[in-house]
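Please keep the 3D view open as you read.

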Amino acid sequence: MTRFVCLVHYHELGLKGRNRSVFERKLRANIAHALREIAPLSKVSKLAGRERVTADSFEQAQEIAQRVSLIPGVVRVSCALQCERELEIMCETALAALELAEPYETFKVDARRANTNFPISSMELNQLVGAWLCEKLPQKRVQMRDMDAKVHVEVIENNVYVYVHSIRGVGGLPVGSSGRVVCLLSAGLDSPVAAWRMMRRGARVTGLHFSGAPEVPDTSSYLVGELAQVLSPAGGLDRLICVPFGSYQREISLNVPDKLRVIFYRRLMVAVANVVAKREKAGALVTGESLGQVASQTLANIRAVDEVATLPILRPLIGTDKQEIIDEALRLGTYELSTQDHDDCCTLFMPRNPETHAKLDEVAAAWETLPIQQWVSEITSELVVRAVGQDVE
Ligand code: ATP
Ligand code: MG
């Protein structure tokens, strides 16, 4: 009997010993989570070096493949036909797989057996299945290089999987294999992409947003919520905290030299993020900064902000050009939301000439004059954590 399945391929690199089973379990859980609406848990199972998801139809297998390709850790997904380990049936299934791959003119068979308890070698399988197909398909041609359709015939455990097409996955590591980070998430272009990059390397992300409320309407919190939804199929950005920050910016703008305002906004954000990270048991903070992109992102200013942090601040976009970030945002689907007009705390009380080379002693002197501890306590005593999507584990 032919069944439709998706074969999920992942990198084996660095997956030795105990690590490997932990990695596989997390990946399976994340796949099941991403498919919870279309394929129940029982349909995801382990297969030597792969994960297998069974589907009801080829169309459903394609939909599953599309969703699974977005999950960190997945390198490739193939929509396959599963059949018994009998030569005749394998040939028939290869023919069916080619029919699904129309239109094509040239093809080639690429057979593999994962276990040698199957009596026919890969070379022989290539020849036998290839010859059988040639007879059934007199109008098509076999071609060894640059063929239109390559029919993969894989004998794995007790079954055979036959497929022509695979789609590329996002790569990386399964979410949950690298701990948690707190990402300072604005409604702009950069930080959602930074959050995504951390998810792709296996981190769970708590998003921390500072809005201009109550000085301006809370549009940015709404947009950040939407952005989190867009990123949620990957399973990593699972918690979100929005902080009304406008009144503190007002205080800073009234008490700090003009040009230092932006640095002070960032430093207060980081002071709050320190507390949030401790509560969230996070190992690092993350921002969307890229070196020299705007006045606040010079080496001197980065240093002035880093001083406040009790954890490492990771900046996955530090060496990335704006255009590359835009391209990535377009691919992820965050671009449109990120470019919507909104007031947030970034637009509030902005100085005319922001400092580009903050002097640490000047910053420290002004910092001393503010009731920072009291502000941080006030802000962190009223935090509300929202769950995004549904937690996996
Ligand atoms: P983005 O596109 O992420 O908004 P940006 O180019 O606007 O970044 P900045 O305004 O200098 O750059 O912000 C630098 C980083 O500080 C952001 O990438 C983000 O991580 C953090 N950040 C800025 N504003 C906010 C905010 N309102 N809430 C949370 N984090 C913020
Ligand atoms: Mg911004």
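## Contacts with the ligand

In this predicted model, a polar side-chain atom of D190 sits 2.7 Å from an oxygen atom of ligand 1. The side chain of Q293 also places an N or O atom 3.0 Å from an oxygen atom of ligand 1. F210 takes part through its backbone, where an N or O atom lies 2.8 Å from a nitrogen atom of ligand 1. For reference, a polar contact is a pair of N or O atoms within 3.5 Å; within protein, one must be able to donate a hydrogen and the other to accept it, and residues adjacent in sequence count only if both atoms are side-chain atoms. Taken alone, ligand 1 exposes 580 Å², and the protein buries 91% of that area (Shrake-Rupley method, 1.4 Å probe; for residues, only the protein chains shown count as cover).

## The shell around it

Ligand 1 is surrounded by 22 residues, the closest being L184, S186, D190, S191 and R266; a residue belongs here if one of its heavy atoms lies within 4 Å of the ligand. By class, the shell has nine nonpolar, nine polar and four charged residues (Ala, Val, Leu, Ile, Met, Phe, Trp, Tyr, Cys and Pro count as nonpolar, Asp, Glu, Lys and Arg as charged, and the others, Gly among them, as polar).

Which elements each supply at least two residues of this shell? They are α5 (190-200), β11 and α8, and β11 has the largest share, with three residues. Helices (H or I, at least four residues) and strands (E, at least two) are DSSP runs, numbered from the N terminus.

## Nonpolar cores

The largest nonpolar core has 38 residues, and L208, F245, I252, F264, L268 and V270 have the most contacts inside it. Among the elements giving two or more residues to this core are β10 (180-184), β11 (204-211), β12 (237-244) and α7 (246-255). The biggest contribution, eleven residues, comes from α8. A second, separate core has 30 residues, including L223, V224, I325 and A329.

Here a core is a set of buried Ala, Val, Leu, Ile, Met, Phe, Trp, Tyr and Cys residues joined through side-chain atoms within 4.5 Å. Buried means under 20% relative accessible area, exposed over 50%, and partly exposed in between (1.4 Å probe, protein chains only).

## Sheet and hairpin

An open sheet of six strands runs in the order β14-β13-β10-β11-β12-β15, with mixed pairing (two strands pair if DSSP finds at least two bridges between them). Its edge strands, β14 (313-314) and β15 (385-387), each pair on one side only. Strand β13 (residues 284-286) pairs with β14 in the parallel sense over two bridges, and V286 stands opposite L314 in β14.

Elsewhere, β2 (residues 44-47) and β3 (residues 50-55) pair in the antiparallel sense over four bridges, with R52 in β3 as the bridge partner of S45. The two strands form a hairpin with two residues between them, and G49 in the turn has a positive phi of about 75 degrees.

## A buried lysine

K140 lies in the loop between α4 (122-136) and β6 (141-142). Is K140 buried or exposed? K140 is buried, because its relative accessible area is 12%. A polar atom of the K140 side chain lies 2.8 Å from the backbone oxygen of Y104.

## Reading the numbers

Residues are numbered from 1 along each chain as its sequence is written, while chains are lettered from A and ligands numbered from 1 in the order in which they are written. In this predicted model, local features need pLDDT of at least 70, side-chain atom pairs count only at pLDDT 80 or more, and totals for chains, interfaces and linings use all residues; side-chain values use heavy atoms, leaving out hydrogens and water.
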